[in-house]
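Hi,

Here is the structure I promised to send over.

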Amino acid sequence: MKKKIMACLLVMTVALAGCANNGTAGTDAAVTPEVTQEVAENQETTEPAENVDEAVDAVVDYEAFVGEYQDSNSERASLVVTMNDDSQSVHIAVNYGVSYDITNEWSMDAVFEDNGDGTGKLVYNNCAAISCEYDDEGNEHVNETYTNGSGYFTWGADGSLLWDGASEEDLHDCNFQKFDSDYIDENVDSPAKQLIGGYQDSWSGRASCEITDNSDETVHISVIWGNGATSTCFWEMDASWVDENGKGYLTYDNCAKYYINYADDGTESKEIEYLDGDGFFSVISLDQLTWDGATDDSCKECVFERIG
């Protein structure tokens with residue numbers, strides 16, 4: 001008797017399941033092919049999604065990386081990230097001032113590998129490294145170190161780039177922070193006026209900078225570089241404040257560069273090199289300027305720190 005009851009229940013269960021399949025379940029089954037079909041139609045105009053990396057890159061906002069950075073540890077290295085034409089990768093250029101007459105440079109193209117938690121890596125495999133040496137006349141001599149180097153930068157949740165994947169171990173501590181000019185009060189007549197004062201170059205130890213007020217919205221900048229006991233180099237220019245993508249600059253187009261030479265009898269002579277140089281200083285903070293926009297390559301590593 002119990003076996004017959006169980007058999008009847010089994011038959012009823014199967015029958016109810018059949019009704020469910022012809023009702024609600026049937027509706028769900030009709031939706032799924034439409035979604036699949038829509039995906040298939042979209043894929044007909046693109047390459048087959050076999051490359052997972054390409055699929056991930058397509059949704060990466062590479063604009064978030066674009067900008068200028070400064071190494072917060074050494075304060076001697078700078079980094080610039082620009083967008084490549086494909087909008088699916090970025091170009092990275094790193095500049096490191098070894099001394100007043102030697103600069104190391106790296107350039108590479110990188111793609112982002114997302115960790116899924118707001119961090120990730122900018123990975124590259126075409127890094128080219130060179131070393132630039134400057135003679136006493138300011139002429140540049142370039143030596144190629146290597147090509148096709150591979151590595152990565154770790155992208156932090158705070159927007160920093162740590163070069164812990166560099167080929168050179170002594171660069172693993174380079175922690176690049178993006179420039180931010182929010183410290184400048186742009187409500188005043190001229191933000192440049194907030195930078196008036198004296199500065200010393202922490203990179204070369206041989207250059208000083210003085211910013212003074214002009215009668216208009218510009219400031220006057222004087223840079224002095226000691227070449228030795230017999231000569232001193234001077235730059236004089238008037239600069240204006242420019243804000244671009246949240247980064248502040250002091251730009252100029254009337255820079256005069258000249259030398260004061262000292263003879264053995266104590267007399268001085270002036271030698272003018274040019275009168276119309278253009279360029280810019282990057283404003284890192286109210287107390288720090290970098291001359292990465294200098295006309296002279298030998299000055300591009302100058303990091304002027306406020307004194308007094």
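Start with Ile221: leaving out residues up to four places away in sequence, this residue touches Cys209, Glu210, Ile211, Trp235, Glu236, Met237, Ala239, Leu250 and Phe281. Bear in mind that this is a predicted model.

Ile221 also shows up in the largest nonpolar core, which has 29 residues. Along with Trp235, Leu250, Phe281, Trp291 and Phe304, Ile221 touches the most other members of that core. At least two core residues come from each of these strands: S10 (207-213), S11 (219-228), S12 (231-244), S13 (247-262), S14 (268-285) and S15 (288-293). S12 gives the largest share, with five residues. There's another core apart from this one, made up of 28 residues, and Tyr62, Phe65, Val90 and Trp155 are among them.

Most residues other than glycine have a negative phi. Ser87 isn't a glycine, yet its phi is positive, at about 60°. You'll find Ser87 in the loop that runs between strand S2 (77-83) and strand S3 (90-99). Its relative accessibility is 39%, so Ser87 counts as partly exposed, falling between the 20% and 50% cut-offs.

Asn148 is another non-glycine residue with a positive phi, near 60°. Asn148 sits in strand S6 (residues 140-155). Is Asn148 buried or exposed? Exposed, because its relative accessible area is 57%, and the cut-off for exposed is over 50%.

Cheers

Note on methods:
Residues are numbered from 1 along each chain as its sequence is written. This is a predicted model: local features need pLDDT of at least 70, side-chain atom pairs count only at pLDDT 80 or more; totals for chains, interfaces and linings use all residues. Side-chain values use heavy atoms; hydrogens and water are left out. A nonpolar core is a set of buried Ala, Val, Leu, Ile, Met, Phe, Trp, Tyr and Cys residues joined through side-chain atoms within 4.5 Å. Buried means under 20% relative accessible area, exposed over 50%, partly exposed in between (1.4 Å probe, protein chains only). Helices (H or I, at least four residues) and strands (E, at least two) are DSSP runs, numbered from the N terminus. Contact means heavy atoms within 4.5 Å.
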